[in-house]
Amino acid sequence: MPTTKKLAELFRALSAEDVGSATAIAAQICKGEENKGHRSAARILRGALNSNGSSTHVADTVAASETRNGSGVLSTAIVRLSTDVHLSDVVLVPSARRELQGVILEWKHRERLRRRGILPRAKLLFHGPPGCGKSLTARALGLELGIPTYLVRFDAVIGAYLGQTAIHLRQLFHFAETTPCVLLLDELDALGKRRGSPLDVGELDRIVIALMQELEHARPTGLIVGTSNMAKHLDDALWRRFDLTLRFGAPGQKALLGFAKRVAAAKGNKLSAAVTRRASKADSFARAEQIVIAEARSQALRDV
Ligand SMILES: Nc1ncnc2c1ncn2[C@@H]1O[C@H](COP(=O)(O)OP(=O)(O)O)[C@@H](O)[C@H]1O
Ligand SMILES: [Mg+2]
């Protein structure tokens with residue numbers, strides 16, 4: 001059973017109509033039960049938490065509560081992402097895994113650090129080619145910390161006027177400062193790479209500057225994770241705003257092979273020599289996964 005302290009936190013969040021925090025605490029309770037080995041209790045609790053079966057519902061509810069508090073953009077600008085993938089299931093190079101475990105440790109002991117005037121690392125930038133685990137890692141971090149992950153939809157953040165965009169950004173970062181969550185600024189280059197482009201003189205520049213200012217001053221309660229497929233297009237000044245930058249490189253054959261075997265085993269399949277060859281030559285984990293799953297699909301239908 002969760003402790004009285006945890007339940008009191010939950011009740012406080014509910015009485016403040018802070019649905020974001022209530023959800024985060026409920027998720028922590030689920031994880032706590034899981035850690036204690038109470039798997040069926042954890043399953044029942046998780047089921048109840050997601051009982052309407054929609055991953056966007058919680059974001060909608062959070063947004064509705066924020067709207068009541070006068071910050072409407074969140075109803076369209078964030079989408080809750082769910083995952084059951086743990087960090088241990090993500091293929092990472094040892095140095096990246098060590099850094100991320102460090103971030104988790106710092107977050108768990110953030111009060112101890114703060115008492116000594118030290119901030120935990122909370123603003124992370126993942127860069128590298130597509131399909132190599134950047135967004136997946138952000139979601140896995142949410143699961144490890146027992147807090148929800150929200151994807152930011154930039155199209156909804158960018159308003160008709162710069163002033164409006166700046167207000168939206170402020171609301172977004174305020175949300176990250178008051179609600180324990182992983183706020184995922186996915187594919188930042190979509191914004192950053194165009195800074196200074198002759199096509200978007202002025203306006204886009206200023207949007208990126210507003211984003212950088214928010215990032216600079218942000219003290220998130222959870223984590224802010226930015227990702228980029230094209231790091232060289234990112235503004236240098238943007239890089240400096242992050243506490244940790246990690247490169248997710250294209251995987252080598254050995255890593256791809258191990259990954260393909262695991263995916264096949266999870267589907268109850270054995271890899272044929274031809275599929276093994278193709279998967280180990282893929283340019284990303286996402287592509288290798290597609291190859292193995294396509295094979296599993298056709299094997300499953302072979303005898304129909
Ligand atoms: N390092 C990895 N470990 C395990 N699975 C991975 C990894 N990278 C990619 N995948 C698989 O490919 C999918 C897409 O990866 P994603 O994290 O979205 O890539 P990106 O780097 O473009 O953000 C994941 O949901 C997962 O199924
Ligand atoms: Mg991604």
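A: The structure holds nine salt bridges. A salt bridge here is a side-chain nitrogen of Lys or Arg within 4 Å of a carboxyl oxygen of Asp or Glu. The model is predicted, so local features need pLDDT of at least 70, side-chain atom pairs count only at pLDDT 80 or more, and totals for chains, interfaces and linings use all residues. Residues are numbered from 1 along each chain as its sequence is written, chains are lettered from A and ligands numbered from 1 in the order in which they are written, and side-chain values use heavy atoms, with hydrogens and water left out.

Start with Arg-121 and Glu-99. They form a salt bridge, and their closest N and O atoms are 3.0 Å apart. Where do the two partners sit? Arg-121 lies in the loop between helix H7 (110–115) and strand E2 (123–127), while Glu-99 belongs to helix H6 (residues 94–108), so the pair ties together parts that are 22 residues apart in sequence. Helices (H or I, at least four residues) and strands (E, at least two) are DSSP runs, numbered from the N terminus.

Next comes accessibility. Buried means under 20% relative accessible area, exposed means over 50%, and partly exposed is in between (1.4 Å probe, protein chains only). Arg-121 has 22% relative accessibility, so it counts as partly exposed. Glu-99 is also partly exposed, at 31%.

Now take Glu-33 and Lys-36. Their side chains meet in a salt bridge, with 2.9 Å from N to O. Lys-36 is partly exposed, with a relative accessible area of 45%.

Another pair is Arg-170 and Glu-177. Their side chains also meet in a salt bridge, at 3.5 Å from N to O. Arg-170 has a relative accessible area of 35%, so it is partly exposed. Glu-177 is partly exposed too, at 24%.

Thr-76 is partly exposed, with a relative accessible area of 41%. What does Thr-76 touch? Not counting residues up to four places away in sequence, Thr-76 touches Arg-153 and Ala-156. Contact means heavy atoms within 4.5 Å. Thr-76 and Val-152 are 76 residues apart in sequence, yet 9.0 Å apart in space, C-alpha to C-alpha.
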